[in-house]
Amino acid sequence: MSFRLSGPRSSLSAYAAVLIAVSCVATTRSVRAAGAQAGTAAQLEPGRVIYLEYCAQCHGEKGDGEGYAASHLHPRPRNFTTGKFKIRTTPNGALPTHEDLVRIIRRGMPYTSMPAWPDLSDQEVSALANFITTFSPDFSNPENAPKPVPLPSAPRSTKESIDQGKKLYEENGCVKCHGALGRGDGPSAPTLVDDWGNPIRPADLTQRWTFRGGSSREDIFRTMSTGLNGTPMPSFLDALKDEQRWAITDFIDSLSEPSGPGYTNVVITKHVDDPIDLAKGTANFESARVARLPIIGQITEPVREFHPPATSVTVQAIYDAESIALLVRWHDMSAERTGKNGPSLPVPREEEEEGAPAGVQVGKSPFGEEEVAPTGAQQAGKDPFAEEAAAPSGPASEFSDAVAIQIPSQVPTGTRKPYFIFGDAQNPVDLWFFDLARPAPLQFTAKGSADIAPNDTGDVTGVASYEQGEWSVIFKRPLRPASGAPFSPGQFMPVALSVWDGFSRERGNRRGLTVWYSLYAEPENIPSAVGPMVKTALLILAIELAIIGWVRWRYASRGREELGGARLRAGGATAGPP
Amino acid sequence: MKIPIVLAVAVAFGLLRFLRVKLLIWAAAWWIGIYILLRFGFTAPIPSSVITIYMGIVSIAILAYVSSSQERRDEISGPLIRFMTEKRYTLLLAVAVVAIPALAAANVYVRMNVSIEPPLFSRTVHPASPADITVHDKRIDLDAGENPFRHLETSNPQEFRKHVENGRRVYYQNCVFCHGDTMSANGMFVHGLDPIPTNFHDTIAQLRETFLFWRISKGGPGLPDEGGPWDTAMPAWEKFLQEDEMWDAVLFLYDFTGQRPRGREEVATK
């Protein structure tokens with residue numbers, strides 16, 4: 001992870017370093033004192049140099065968020081000329097402090113195209129934070145000097161605080177966007193847009209590793225206290241007391257493990273004694289281990305998808321005497337059960353350039369007028385309580401949600417696998433494709449993205465359900481079908497998945513996918529370790545006793561003083577016969 | 001080498017020397033010291049099978065040394081025999097007799113419960129390129145060819161900067177998602193990729209510009225089998241980009257990382 005300023009820019013960076021050394025203390029002090037940007041062009045020069053090198057490609061040379069990459073990015077890069085910054089310690093609508101800007105540059109925003117910048121020096125980040133403030137005239141007005149809100153330190157999270165937080169979460173309208181279980185599936189979720197009219201999705205509170213402002217309890221508390229400027233996320237600073245905001249923080253904290261997503265590369269298929277019964281649904285899978293696999297955009301074949309809404313899927317797998325079954329789950333803010341989808345539906349090339357997925361652009365506030373809860377909630381820009389929230393009318397969608405499991409058509413011999421995106425001409429793959437507008441899955445055989453043909457043998461059956469922001473889709477197939485690769489206990493089978501979100505008009509190549517992972521069928525009877533352990537221990541014990549017995553027999557008769565002496569008689573060595 | 005570990009082992013040996021310990025302790029110390037050096041002393045981890053072979057050699061060497069004269073044999077066997085025969089050691093002996101099989105059994109348990117790892121495919125990262133390729137119906141000679149815009153660097157620096165800037169545009173519109181903003185293979189999709197993308201800081205100085213052009217234009221599917229073309233997410237960029245755009249992107253990669261491409265002469269002399 002080397003990161004060097006070198007080569008043609010070394011003179012520039014040397015210049016920058018000198019400037020920083022000379023002016024750093026004076027610059028940052030005076031800027032902070034003014035609460036907004038200040039400083040001469042020469043003082044800002046180091047930040048400008050770094051900005052043009054590392055930031056302008058997305059945020060634009062003018063700071064307007066229209067850099068080269070912007071059309072492929074979602075969320076869009078920040079437009080610095082508006083003075084609206086999401087992650088702050090200052091009140092809603094206010095400018096961020098210098099430290100706020102430094103922090104977000106250092107840490108980046110997870111699961112967006114804003115990376116962390118751990119390799120820049122403190123001076124460089126500070127210079128950059130100063131320079132960014134020059135894009136908006138708001139920073140030069142002394143009246144706008146940012147004043148951080150009080151963010152008291154965290155009380156201990158308890159069962160009571162989590163329960164209280166859950167109650168407050170429901171009472172204060174959080175459910176409207178983030179959903180009853182926090183999966184980002186509230187009724188208003190599909191209607192949300194940011195201040196610039198781009199569709200925006202509420203955070204999935206059950207996946208803290210995706211939180212833009214960071215995943216610690218302090219981060220969650222800060223976001224709830226100060227809101228996210230430019231987005232529908234309001235500030236609850238005045239609506240809720242500190243303890244209440246901490247209680248909601250504790251509730252959100254309890255929704256996912258602090259350790260992160262725990263991505264894996266193998267799905268372990270567990271043997272079950274009872275026959276797999278699709279009518280029993282997810283209850284079949286209680287004994288199976290959950291494997292979480294990361295979803296990435298399909299950015300290899302035209303037409304590309306740069307920001308699939310699903311960032312991960314979980315997979316569980318079981319097999320009985322005849323069949324194998326997989327349960328795939330992922331979070332989706334709305335179920336699209338109308339329209340159509342397919343692995344080879346064509347997509348016009350222009351859709352790649354839109355950046356933000358085209359959704360239903362209603363643009364209403366998540367909070368209805370009559371709602372009592374966020375009375376003090378302030379929102380920058382538009383009035384959040386102006387209009388009644390759109391009811392989840394469930395308009396007919398053009399494209400439905402869909403999911404596909406991909407396995408090689410033949411068990412690979414050796415290391416050669418089919419191409420991970422729908423196979424290749426010599427190495428086809430089977431797709432178990434479930435268009436969730438239909439009652440059952442279909443089978444396709446694919447020899448690459450351009451050569452996909454239906455091949456429905458009727459072997460693959462399945463059921464799908466959508467509940468509280470989560471799709472649960474079960475596929476079932478015979479272990480050894482008439483055509484298709486058989487599953488055998490103790491073997492690894494390559495497996496890959498694709499997920500389509502109909503709401504974001506994903507279909508065909510526009511989708512989220514995984515690379516190849518492994519499906520391992522765990523043998524029904526795992527050999528117990530006890531037998532070999534006892535055998536090993538007894539063998540070693542026997543050898544030990546034999547040696548000790550021999551030594552005692554050989555030397556016990558000799559005088560102790562002789563043994564205690566420095567020398568032993570010839571033949572006393574441990575190795576070799578006496 | 002990890003200097004603190006090497007120093008710690010050296011200090012331990014010095015201490016043993018200072019204490020004038022017995023030969024048996026020395027034999028054990030050598031065995032343990034070399035094991036620690038092999039296992040923890042190197043920056044790149046050594047495969048455990050190799051360590052096993054080395055430690056086998058070390059064991060034989062120590063055995064040969066301690067049994068090379070009567071005096072040494074006695075010095076080694078004396079304490080062992082006393083330990084096994086004298087009454088005051090009986091309790092310790094009993095503990096050892098139980099503990100050693102128990103440890104061996106624990107080892108068997110650990111070995112039988114290793115987590116399930118999918119079969120590993122060791123791919124060749126930079127396999128040899130073909131002599132020529134065809135991109136957009138045009139034959140590109142990878143052996144004798146050059147970046148058609150490289151000569152501008154000296155003949156027309158202003159025009160050269162334009163090409164680099166165009167390469168920058170191409171990079172940040174297409175490549176940044178995997179290779180990352182700083183070209184350190186830290187793009188936003190890296191956590192979902194295997195193999196991970198190339199880190200340009202580490203690699204491109206050893207490669208020719210035509211090699212990069214081959215990798216960019218033909219992508220993962222253009223790799224020979226030893227490169228694992230089925231696993232890598234590198235697109236065949238000829239599907240998205242013009243030839244000039246790919247050459248410009250190559251210029252930008254070298255410009256941003258401050259590296260120089262490997263010249264043709266070097267290849268010829270190899």
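1. **Reading the labels.** Residues count from 1 along each chain as its sequence is written, while chains are lettered from A and ligands numbered from 1 in the order in which they are written. Since this is a predicted model, local features need pLDDT of at least 70 and side-chain atom pairs count only at pLDDT 80 or more, whereas totals for chains, interfaces and linings use all residues.

2. **Chain A in outline.** Chain A has 11 helices and 14 strands. Here, helices (H or I, at least four residues) and strands (E, at least two) are DSSP runs, numbered from the N terminus. Of the 578 residues in chain A, 47% are buried. A residue counts as buried if 20 or more other C-beta atoms lie within 10 Å of its own, exposed if 12 or fewer, and partly exposed in between, with C-beta atoms placed from the backbone.

3. **Domains of chain A.** Look for three pieces: domain 1 (7-144), domain 2 (154-260 + 361-386) and domain 3 (269-355 + 395-521). These bounds come from an automatic or database domain assignment. Between domains 1 and 2 of chain A, 17 residues of domain 1 are in contact with 22 residues of domain 2. "In contact" says that the C-beta atoms of two residues, placed from the backbone, lie within 7 Å. On the domain 1 side there are seven nonpolar, five polar and five charged residues. The classes work like this: Ala, Val, Leu, Ile, Met, Phe, Trp, Tyr, Cys and Pro are nonpolar, Asp, Glu, Lys and Arg are charged, and the others, Gly among them, are polar.

4. **Domains of chain B.** Chain B is assigned domain 1 (3-112) and domain 2 (132-269). Taken over C-alpha atoms, the centres of these two domains of chain B are separated by 52 Å.

5. **Where A meets B.** How many residues of chain A are in contact with chain B? There are 62, and they meet 56 residues of chain B. Among the elements that each supply at least two residues on the chain A side are β1 (266-271), β14 (517-521) and α10 (530-555). The biggest giver is α10(A), with 11 residues. By class, the chain A side divides into 39 nonpolar, 17 polar and six charged residues.

6. **The cores.** A nonpolar core is a set of buried Ala, Val, Leu, Ile, Met, Phe, Trp, Tyr and Cys residues joined through C-beta atoms within 7 Å. The largest one has 119 residues, and those touching the most other members are L128(A), V267(A), V313(A), V328(A), L497(A), V250(B) and L253(B). Helix α10 (residues 243-257) of chain B brings the largest share of this core, nine residues. A second, separate core has 17 residues, including L168(A) and F236(A).

7. **A covered helix.** Is helix α5 of chain A mostly covered or mostly exposed? Mostly covered: 10 of the 11 residues in α5(A) (residues 122-132) are buried. Among them are Q123(A), E124(A) and L128(A).

8. Strands β10 (residues 461-467) and β11 (residues 470-478) of chain A run antiparallel and are joined by seven bridges. Strands pair if DSSP finds at least two bridges between them. Y466(A) has W471(A) in β11(A) as its bridge partner. Two residues sit between the strands of this hairpin, and Q468(A) takes a positive phi near 50 degrees.

9. Cis peptide bonds join P302(A) to V303(A), with omega about 0 degrees, and D194(B) to P195(B), with omega about 5 degrees. Y111(A) is not a glycine, yet has a positive phi of about 60 degrees. Y111(A) counts as partly exposed because 18 C-beta neighbours are inside 10 Å. M183(B), also not a glycine, has a positive phi of about 65 degrees. Why is M183(B) counted as buried? Because M183(B) has 24 C-beta neighbours inside 10 Å. M183(B) is also one of the residues that L253(B) touches.

10. **One loop residue.** E61(A) lies in the loop between α3 and α4 (98-107) of chain A. E61(A) is partly exposed because 13 other C-beta atoms are within 10 Å. Leaving out residues up to four places away in sequence, E61(A) touches L52(A) and A56(A).
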